[in-house]
Amino acid sequence: MDSHTLSVLEFDKILGFLKTYATSPGGRKRCESIEPLPEQDRVQRRLREVSEMRSVLEVHGYIPISGVQDIERPLSRSLISDFYLEPRELLDIKETLDAARTLKGFFSGLEETCPLLHAITRNIISLPDIESRIRVSIAPDGEMLDTASPELAQIRGRLKSLRASILNTLERMLGEESLQHAFQDDFVTIRNNRYVVPVRTDSKTAVAGVVHDQSQSKATFFIEPFAVVNQNNELQILRQEETYEIIRILTELTHLVSGSHDEILADLHLLEELDVIHAKALFSKALKAREPVLNSAGTIELKQCRHPILLAQYIEEPVPEVEEQAADGSEEAVKKGRWEFNRFGITPIDLTKHEHTSTLVITGANAGGKTVALKTIGLFTLMAQAGMHIPVNDGSRLCVYESIWADIGDEQNIEASLSTFSAHVVRIDHMLKLAATSSLVLLDELGSGTDPAEGSALALSILDYLRERGCFTVVTTHLNLLKTYAYHHKDVRNVSVEFDPITLKPLYSLVYGKPGLSNALAIARHLGMSERVLDRANQYVQDADREIIKLIQGLEKTQKELHDEQLQIHALKEQARAYEQRTLELMDALKSGKELLLKDFETQARKLLRESEQELMKIIDGKKKKIYLRPGQDKEEFQQVKKKLYDQFPKTAVQREAVDQLTIGQKVRVSSLQKNGVVSSLDEEARKAEVMIGTMKIKASFSDLEQVREQEQHQSGPQQRKAPFIQEPSGQAVNKVNVIGMRVDEALPAVDKAIDQAMLHSVDRLEIIHGVGTGRLMKAIREHVKDHPYVASFAPGDAAAGGAGVTVVEIKG
């Protein structure tokens, strides 16, 4: 990737933020050297790794990555013959191996949720033998442990015993009454690695021994009494043996490390790679960033972009540290802190490029955010291609480019004798030679720094060239010719930074589809420039420029009206979606309510049918046993059962036609009984009528009667099956039911009804006429009546009655 582009887009600052989240020295070095990748599949993998790591952090809160040390140099030194590593270096290797083993175990159970991170940690090689050997040999503070070897433990045991013997001898000497005047203090100390006692200068002859040192005041000699010289000599020999044994152990440990040099180095690189991914995930969380959706169609849709450098602010946390001092030796507070990305007042912007758009021309007022928008596109593309999430809203989309080129800012170089314009030309010429189809080109203030007419012509030619090469180009400009460029080319789109004409301040948002005015004179007036100067300036504005300004102003007005209408349409769509959602929820609620009502109705209906059946059985039993007290009592009880049954069913009020006047012989419907009948007599004053329903007479009020429609009077056909129970003209039931032509599911209820009516009319024998046919209906009916509670027995009919086509049923009782 072009180094100049990385510099002007301030990619190095992003890497500086990123490395503060790394935990290892190697991870921080890797963060500093990250470069964008040009291949979409590799970029996609890097982004997914960060997304997986962030999900792990959100679920678990951390990953065990601490303890990774910078051990690459010690590892290379371990390969030197007859060389040994220092205890601290070996401890760093042990801590790194421990971190590798722990991290591998942590991700071993996350294969389904984090397949990419699991694939990385799966390659970590655990070396428990080296870890264990270093752990039992070296203490956390770097001291060699007695458990490092039996020989070292033995030597240190002898050293301990010898020291105790020397101290015992010297402490007895300090306690002797005859020598109290000779000693400056009553303690034993060490000089030149030998135990000595402090003796007054004027009494040095009182203690026979070897003088090793004298105090600064010259008042004390530090003397090794002859009584312990041999023991001190032996102590020196044991100390030398201890040193030789420690060197031997360190050499052995170094050899052990060198034997697994490649495995440890591979683990280190994997840990540093994971540390970088971990740092990216923490950075993503701090930025409230999202993984962009990559596409190869050339579409860019960055929703609510927030430039990370504008968001950044460093929060200092002063912590007093006594150990660290300033250069002059005075104590001061060591400043520590962290980066936060929540600066107030940063306005998000939406950056959009359609699939067939080759060029965006950004225009508008000074300090309105043109260059920021240009840099944001470039920086976000660099961040994404470097495997970093970007601070946008969900659903944002980006493309991957093989190369990114930027010409931004003042390129003036005095040493090279280049003016601003010349420097821009040199830079752009370099870019034009190397830019390809899959290149992103960013040009700030294209055509500026020279004569506007010639600068505009050169700028248009550059844009033509880049369009022909198939590049995606974003330019910022104040030149009017470039503002009209999009009107001549369908693949070029104008973008303007919004400007408030009342406050004369930029609004830091982008409007697509129209160019923007520079508003130089308006801004100058707002800043207090003389009206006389501004009036003269208006006179100098050329007619052509004035026409262009009027055209742009008209377009701005139209665009604003369209934008307002779009907002209204969007609000209506949102309202419609809300209504639709509410309707769906209401329909679901009604459906659930309907199911509950039907279930409850079915339960009540079954209960009612059971009760009615029991009451009808009582009536049948009473009629058979002739226990009624008066004539017609059985019919009254039967009508009460029917009324109770029909009262429970909903009335179809919408079909009811009330009657005001009745005539004798008129056909009516009794609503409470749901039965049709004929008016036989009238009582107009009481508004009651006597109605004949079959052989039964009832009295009903006019309000309980309905008119019988013509179609109901004559309806008999295909919508209603003929009642299967055959009746004589007298209305009395006979002992036959015909179900020929019915399906099984239709015939069985008809048979049940016929059996019920047979019992109701005290019929002992019932003939069921079903025909022979395939035999399926006959078999189903005979299986059904076999277990019927009211059937005593059944048999095929005789030849005269129909033979196998008839089943004769004997009714119980």
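Reader: Leaving aside neighbours within four places in sequence, which residues is Thr169 in contact with?

Author: Contact means heavy atoms within 4.5 Å. Thr169 touches Ala227, Val228 and Gln231, with neighbours within four places in sequence left aside. This is a predicted model: local features need pLDDT of at least 70, side-chain atom pairs count only at pLDDT 80 or more, and totals for chains, interfaces and linings use all residues. Residues are numbered from 1 along each chain as its sequence is written, and side-chain values use heavy atoms, without hydrogens and water.

Reader: Which helix holds Thr169? Is Thr169 buried or exposed?

Author: Helices (H or I, at least four residues) and strands (E, at least two) are DSSP runs, numbered from the N terminus. Thr169 sits in helix H9, residues 150–175. Buried means under 20% relative accessible area, exposed over 50%, partly exposed in between (1.4 Å probe, protein chains only). Thr169 has a relative accessible area of 16%, so this residue is buried.

Reader: What is the order of the strands in the open sheet of 4 strands?

Author: Strands pair through backbone hydrogen bonds, either parallel or antiparallel. Two strands pair if DSSP finds at least two bridges between them. Here the order is S1-S2-S4-S3, with antiparallel pairing. S1 (189–191) and S3 (209–214) are the edge strands, each pairing on one side only.

Reader: How many bridges join S2 and S4? Which residue in S4 is the bridge partner of Val197?

Author: S2 and S4 pair over 4 bridges, in the antiparallel sense. Val197 has Ile223 in S4 as its bridge partner. On to S3, which pairs antiparallel with S4 over 5 bridges. The hairpin of S3 and S4 has 5 residues between the strands, and Lys218 takes a positive phi near 65°.

Reader: How many residues of S4 are buried?

Author: 6 of the 6 residues of S4 are buried, so this strand is largely enclosed by the rest of the structure. Look at both faces. Thr220, Phe222 and Glu224 are buried on one side, and Phe221, Ile223 and Pro225 on the other.

Reader: At what angle do helix H10 and helix H11 pack?

Author: Two packed helices are described by the angle between their axes and the distance between the axes. H10 (residues 229–259) and H11 (residues 261–287) pack at about 70°, with axes 5 Å apart. Angles under 35 degrees count as roughly parallel, over 145 as roughly antiparallel, 65 to 115 as roughly perpendicular and the rest as oblique. H10 and H11 are therefore roughly perpendicular to each other. Val257, Ser258 and Gly259 of H10 meet His261, Glu263 and Ile264 of H11.

Reader: Which residues touch the most other members of the largest nonpolar core?

Author: A nonpolar core is a set of buried Ala, Val, Leu, Ile, Met, Phe, Trp, Tyr and Cys residues joined through side-chain atoms within 4.5 Å. The largest one has 59 residues, and Phe283, Leu302, Leu351, Met383 and Met388 touch the most other members. Helix H13 (residues 370–385) supplies the largest share, 8 residues. A second, separate core has 44 residues, among them Ile65 and Met144.

Technical notes: Axes are lines fitted to C-alpha atoms, for helices over the stretch in contact, and angles run from 0 to 180 degrees between N-to-C directions.
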